[in-house]
Amino acid sequence: MIITIDGPAGTGKSTVAQRLAQVLQFEYLDTGAMYRMIALKVLSSAVSLEDSDQVANVAGATQLEFDQGAAILDGGDVTHRLREPEVSAAASVVAQNPAVREILVSQQQAIAKGCDIVCEGRDQGTIVFPHADFKFFLTAAEEIRARRRMEDLQRQGTEASFNLVLSEQRERDARDETRSIAPLQPAADAVIVDSSEMTIDEVVTHLQAIIRKSH
Ligand code: C5P
């Protein structure tokens, strides 16, 4: 069974997807981490983010793995680097690159093959798994999303101002929503859940109830 959870940054998507996978005893795939790993590799190299051919070459020559929740880039654990603000911004730039998307989409489909899995990202219900068993799209008011992101960063020891987080989030949302390939949008058959006034546990319970009801 495939369950997709898409939506913009700061909706609690990752935590919801992880918890849902845990309670259902499903695998979990964080596709944003894959774009982040490519972005990190490009940032650590001499390649410019704007050079789409070179960025695509980097993506094609990169080994991405997950090991018990850890993100492994070419054999090294980079989990702790992936939420850095520069990596977040660069991830949404490399995600505009059609060749990068093609490579990562086919890896995502290969990972999910034969699994019960919760896949989380921006295009999971629209492009990657159009026949998923359940599709959810999480939203929340932008100020609430920015506050959650800021609190996340603080927990990881990075101080960030609310206004800066909000403006970076707006830039990233705009790039994700307006790109020509796989723009962020709900699948026609996705259940849209506004998490503005909900805790993570409430969202997970809500999704579980929907799954139980129709399965
Ligand atoms: O979900 P997360 O914030 O980690 O994703 C980082 C970036 O990767 C997003 O801003 C988006 O540009 C890109 N992304 C994507 N498609 C996905 C997952 C993430 O374009 N399926």
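Q: What distance separates the centres of domain 1 and domain 2?

A: Keep in mind that this is a predicted model. In it, the centres of domain 1 and domain 2, taken over C-alpha atoms, are separated by 18 Å.

Q: Which residues belong to domain 1 and which to domain 2?

A: The domain assignment of the chain gives domain 1 as 1-11 + 117-206, and domain 2 as 27-115.

Q: How many residues of domain 1 are in contact with residues of domain 2?

A: On the domain 1 side there are 22, and they are in contact with 24 residues of domain 2. Between them, the two domains bury about 1,900 Å², with 53% of that on carbon and sulfur atoms. In domain 1, the residues that lose the most area to domain 2 are I117, E120 and R175, together 31% of what that side buries.

Q: Which residues of α4 meet which residues of α8?

A: From α4 come P85, S88, A89, S92 and V93, and they meet E168, R172, R175 and D176 of α8. Sorted by class, this contact has four charged, three nonpolar and two polar residues.

Q: At what angle do helix α3 and α5 pack?

A: The angle is about 15 degrees, and the axes of α3 (residues 52-60) and α5 are 8 Å apart. That makes α3 roughly parallel to α5. Here the crossing is right-handed. In α3, V55, A56, A59 and G60 meet A99, V100 and I103 of α5. By class, the contact of α3 with α5 holds six nonpolar residues, one polar and no charged ones.

Q: And where the axes of helix α2 and helix α5 cross, at roughly how many degrees do they do so?

A: They cross at roughly 140 degrees, and the axes of α2 (residues 31-43) and α5 (residues 98-112) come within 11 Å. That makes α2 oblique to α5. The crossing of α2 and α5 is right-handed. On α2, the contact is made by T31, M34, Y35 and I38; on α5, by V100, R101, L104, Q107, Q108 and I111. Six of these residues are nonpolar, three are polar and one is charged.

Terms used
Residues are numbered from 1 along each chain as its sequence is written. This is a predicted model: local features need pLDDT of at least 70, side-chain atom pairs count only at pLDDT 80 or more; totals for chains, interfaces and linings use all residues. Side-chain values use heavy atoms; hydrogens and water are left out. Axes are lines fitted to C-alpha atoms, for helices over the stretch in contact, and angles run from 0 to 180 degrees between N-to-C directions. Helices (H or I, at least four residues) and strands (E, at least two) are DSSP runs, numbered from the N terminus. Angles under 35 degrees count as roughly parallel, over 145 as roughly antiparallel, 65 to 115 as roughly perpendicular and the rest as oblique. A crossing is left-handed if the near helix is turned anticlockwise from the far one by less than a right angle, and right-handed if clockwise. Contact means heavy atoms within 4.5 Å. Ala, Val, Leu, Ile, Met, Phe, Trp, Tyr, Cys and Pro count as nonpolar, Asp, Glu, Lys and Arg as charged, and the others, Gly among them, as polar. Domain bounds come from an automatic or database domain assignment. Buried area is the accessible area (1.4 Å probe) that two parts lose on being put together, summed over both.
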